[in-house]
Amino acid sequence: MPRRVPDLSVYLVTDRLLSRGRALVDVVLSAVRGGATVVQLREKEGSARETLELGQALLHRLRPLGVPLIVNDRVDLALALGADGVHVGQGDLPPEVARRLMGPDALVGLSITGAADLPTLDPAVVDYAGVGPIFPTGSKADATPALGLEELARLRRLLPVPIVAIGGITTANAPAVIAAGADGVSVVSAICSADDCEVAASTLVRAVREGLARRASPPPG
């Protein structure tokens with residue numbers, strides 16, 4: 001039986017440094033109230049123990065709500081937490097190794113930064129692709145050059161799994177990203193740095209719906 005991929009429409013990636021001094025659990029729960037559908041725990045600072053404890057606090061609150069918690073990069077922490085999945089980049093453990101360690105039922109996501117990465121994605125192993133950066137972004141210091149909407153549309157045609165677009169995505173450009181073929185938008189600062197994280201998430205939900213409507217009714221000609 002194939003694994004069930006969750007609703008990727010508003011995929012929140014955490015960042016305590018961008019959360020303006022607010023407790024990350026509070027930021028995440030506000031976003032979920034606003035409609036965030038997936039949470040990825042991405043912690044570049046702090047110890048493994050701190051990240052584990054933060055993940056435990058998130059999982060305790062998210063699991064009853066049916067919102068998946070995915071761990072960025074760290075398969076060991078995902079396993080220790082009993083998280084719903086792991087997301088790996090091109091420089092992390094190969095996805096087939098992550099799958100073997102995580103087991104058949106976990107979610108495994110893979111970052112795709114361009115067409116050259118396509119051979120690394122086996123749809124028998126990887127559940128979804130994180131494609132980007134679509135636009136220039138300041139939330140990831142080592143980000144590759146922006147792909148743009150045309151390349152996103154081309155990669156959508158080539159990728160055999162659902163895709164979530166990431167990189168410089170805002171409520172203003174999210175409809176165009178969805179219209180180009182993304183199944184969801186992955187954001188960091190658009191929610192974590194917002195004045196009201198719940199409102200920010202709900203605004204992104206509406207933007208995604210607008211993009212789906214555009215895709216269903218393309219302009220004539």
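1. Arg156 and Asp183 form a salt bridge, with the closest N and O atoms 2.9 Å apart; a salt bridge here is a side-chain nitrogen of Lys or Arg within 4 Å of a carboxyl oxygen of Asp or Glu. The pair links distant parts of the chain, 27 residues apart: Arg156 sits in helix H5, and Asp183 in the loop between helix H6 (174-179) and strand E8 (184-187). Helices (H or I, at least four residues) and strands (E, at least two) are DSSP runs, numbered from the N terminus. Arg156 is buried because its relative accessible area is 18%, whereas Asp183, at 32%, is partly exposed. Buried means under 20% relative accessible area, exposed over 50%, and partly exposed in between (1.4 Å probe, protein chains only).

2. The model is predicted: local features need pLDDT of at least 70 and side-chain atom pairs count only at pLDDT 80 or more, while totals for chains, interfaces and linings use all residues. Residues are numbered from 1 along each chain as its sequence is written, and side-chain values use heavy atoms, with hydrogens and water left out.

3. The structure holds 10 salt bridges. Another one of them joins Glu151 and Arg154, at 3.0 Å from N to O. Both residues lie in helix H5 (residues 148-158), 3 residues apart, or about one turn of the helix. An α-helix has 3.6 residues a turn, so residues three or four places apart point the same way. Arg154 counts as partly exposed because its relative accessibility is 34%.

4. Arg20 forms a salt bridge with Asp195, where the closest N and O atoms are 2.7 Å apart. This pair also links distant parts of the chain, 175 residues apart: Arg20 is in the loop between strand E1 (10-13) and helix H1 (24-34), and Asp195 is in the loop between helix H7 (189-192) and helix H8 (197-216). Asp195 is exposed, with a relative accessible area of 67%. Arg20 has a positive phi of about 60° although it is not a glycine.

5. Further backbone points deserve a check. Most residues other than glycine have a negative phi, and most peptide bonds are trans. Asp73, not a glycine, has a positive phi of about 70°; Asp73 lies in the loop between E3 and H3 and is partly exposed at 22% relative accessibility. The peptide bond from Gly132 to Pro133 is cis, with omega near 5°, and Pro133 is placed in the loop between strand E6 (128-131) and H5.

6. The largest nonpolar core has 65 residues, of which Leu62, Val131, Val177 and Ile191 touch the most other members. A nonpolar core is a set of buried Ala, Val, Leu, Ile, Met, Phe, Trp, Tyr and Cys residues joined through side-chain atoms within 4.5 Å. A second, separate core of 9 residues includes Ile70, Tyr128, Val164 and Val188. Leaving aside neighbours within four places in sequence, the contacts of Val131 include Ile112, Leu147, Leu152, Leu155 and Ile166; contact means heavy atoms within 4.5 Å.

7. Strand E3 (residues 69-72) pairs with E4 in the parallel sense over 3 bridges, where two strands pair if DSSP finds at least two bridges between them. Asn72 has His87 as its bridge partner in E4. From strand E4 (residues 85-88), Gly85 and His87 point one way and Val86 and Val88 the other way, and all are buried.

8. Helix H4 (residues 95-102) has Pro95, Val97, Ala98, Arg99 and Met102 as its buried residues. These buried residues pack against H3, E4 and strand E5 (107-112). Just after H4, Gly103 takes a positive phi of about 95°.

9. Leu79, Leu93 and Leu101 make a nonpolar surface patch of about 240 Å². Patches are made of residues with over 30% relative accessible area and no salt bridge: like charges are joined within 9 Å, nonpolar side chains (Val, Leu, Ile, Met, Phe, Trp, Tyr) within 5 Å. Accessible areas come from the Shrake-Rupley method with a 1.4 Å probe; for residues, only the protein chains shown count as cover. Leu79 lies in helix H3 (residues 75-81) and is partly exposed at 41% relative accessible area.

10. Leu65 is located in the loop between helix H2 (48-62) and E3. At 51% relative accessibility, Leu65 counts as exposed. Not counting residues up to four places away in sequence, Leu65 touches Leu29 and Val32.
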